[in-house]
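I opened a new notebook page for this protein. Here is the model I worked from.

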Amino acid sequence: MKHILIISILIISSQMSAQKYLDTIYANEHKNVALFFPEPIRQGIVGASNFVFTYNREKEQHFGLVQAKPGEDSNLLVLTKGGQVYSYILKYRKQLNKLNHFVAGSESIGTEKPIQKQKLPDSRELDSITERRKSYERFCSYLLKTKNERLATKRKRGVKLQLQKMAYNGDETYLVIEVTNNSEIDFELDYLKIYRANGNKKRKASYQKLEIVPVFKHMELQIIKRGAAQRFVYVLPKFVLGDGEKLEIELHESKESRKVVLKKR
């Protein structure tokens, strides 16, 4: 397994006078280690599967979270919106002395070569996108045919929200969800959002909540008639819940403003 990433499309500025010393980030499976960058994160890549770097791929944010499982050392490469490149060594450690890293702009190892002209996707790139979508659809269809596990259930005002399965495939996490409308009126969806939550909500200073934006939705929920139910699958970037961390699924109605929040540890 290669632990040092070689990315041919990334060209570091030739103005770098010497290779900079790479800092080491220590992480484990029990706590989130946060990295705060001076610019929003555009891309983050780890070199081994026992490390996970999570960041918001849809809404620009300045921070990402690192988690790890026991295994060999690896590395992390982060590109920010302004083209700055940051690189770190990743190591697993049971006891963590530092949970938050505030990155200065001077820590950048270089800049990405600016793109002079926007390039439209070629046929191979379009084929890759199509194949990825087909792969999502195939695995989602398979999950909907398998036996339900009923991991967590929440009922409120005639609406039942149930997490039936949580599966991993490749670089994604798949959630099989069912919504049942036992009320006397139709349920029209406003939004369904998924979060990673940590801490006690009553103590605002310790409570953190990070939205996980889906990369794909299979049989997306819209309207559920009274007395009916619908199962669907959300595909999310791969993540691992740490100790004390919960998965939250928030279902919100558009007209009657009914809201159901399911929590899974």
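**Entry 1: the end of the chain**

I started with this: is Arg265 buried or exposed? Arg265 counts as exposed, at 68% relative accessibility. The scale I used calls a residue buried under 20% relative accessible area, exposed over 50%, and partly exposed in between, with a 1.4 Å probe and protein chains only.

I noted what I was reading: this is a predicted model, where local features need pLDDT of at least 70, side-chain atom pairs count only at pLDDT 80 or more, and totals for chains, interfaces and linings use all residues. Residues are numbered from 1 along each chain as its sequence is written, and side-chain values use heavy atoms, with hydrogens and water left out.

Arg265 lies in the segment after S19. Leaving aside neighbours within four places in sequence, I found Arg265 in contact with Glu245 and Lys246. Contact means heavy atoms within 4.5 Å. I also looked up Asp243, which is 22 residues from Arg265 along the chain. The C-alpha atoms of Arg265 and Asp243 are separated by 8.8 Å.

**Entry 2: another arginine**

I turned to Arg258, in the loop between strand S18 (245–253) and strand S19 (259–264). Arg258 is buried, with a relative accessible area of 4%. What does the side chain of Arg258 make polar contacts with? Another goes to the side chain of Glu253, at 2.7 Å. A polar contact is a pair of N or O atoms within 3.5 Å; within protein, one must be able to donate a hydrogen and the other to accept it, and residues adjacent in sequence count only if both atoms are side-chain atoms. Not counting residues up to four places away in sequence, Arg258 touches a list of residues including Arg157, Val159, Ile185, Phe187 and Leu251.

**Entry 3: the whole protein**

I stepped back. The protein has one helix and 19 strands. Helices (H or I, at least four residues) and strands (E, at least two) are DSSP runs, numbered from the N terminus. Of the 265 residues, 42% are buried. Among contacts between residues at least 6 apart in sequence, 66% join residues at least 24 apart.

**Entry 4: an open sheet**

In what order do the four strands of the open sheet stand? The order is S4-S5-S2-S8, and the pairing is mixed. Two strands pair if DSSP finds at least two bridges between them. Strand S4 (51–54) and strand S8 (100–102) each have a single partner strand, so one side of each is left without a neighbour in the sheet.

I then checked S5, residues 63–68, which runs antiparallel to S4 and is joined to S4 by four bridges. Phe53 has Val66 as its bridge partner in S5. Thr54 stands opposite Leu65. Strand S2 (residues 33–36) also pairs with S5 in the antiparallel sense, over four bridges. There, Ala34 has Leu65 as its bridge partner. Five of the six residues of S5 are buried.

**Entry 5: strand S7**

Strand S7 (residues 84–92) pairs with strand S1 (residues 24–27) in the parallel sense, over four bridges. Tyr26 stands opposite Lys91. Strand S6 (residues 74–80) pairs with S7 in the antiparallel sense, over six bridges. Val78 stands opposite Tyr86. The hairpin of S6 and S7 has three residues between the strands, and Gly83 takes a positive phi near 90 degrees.

**Entry 6: aromatic rings**

How many aromatic pairs are there? I got eight. Rings of Phe, Tyr and Trp (its six-membered ring) pair if their centres lie within 6.5 Å; planes under 30 degrees apart count as stacked, over 60 as edge-to-face and the rest as tilted. Phe53 and Tyr55 form a tilted pair, 5.7 Å centre to centre with 35 degrees between the planes. Phe53 and Tyr55 are buried. Phe139 and Tyr174 form an edge-to-face pair, at 4.7 Å and 65 degrees. That pair links distant parts of the chain, with Phe139 in helix H1 (residues 123–145) and Tyr174 in strand S12 (residues 172–181). Phe139 and Tyr174 are both buried. Phe36, Phe63 and Phe102 form one aromatic cluster.
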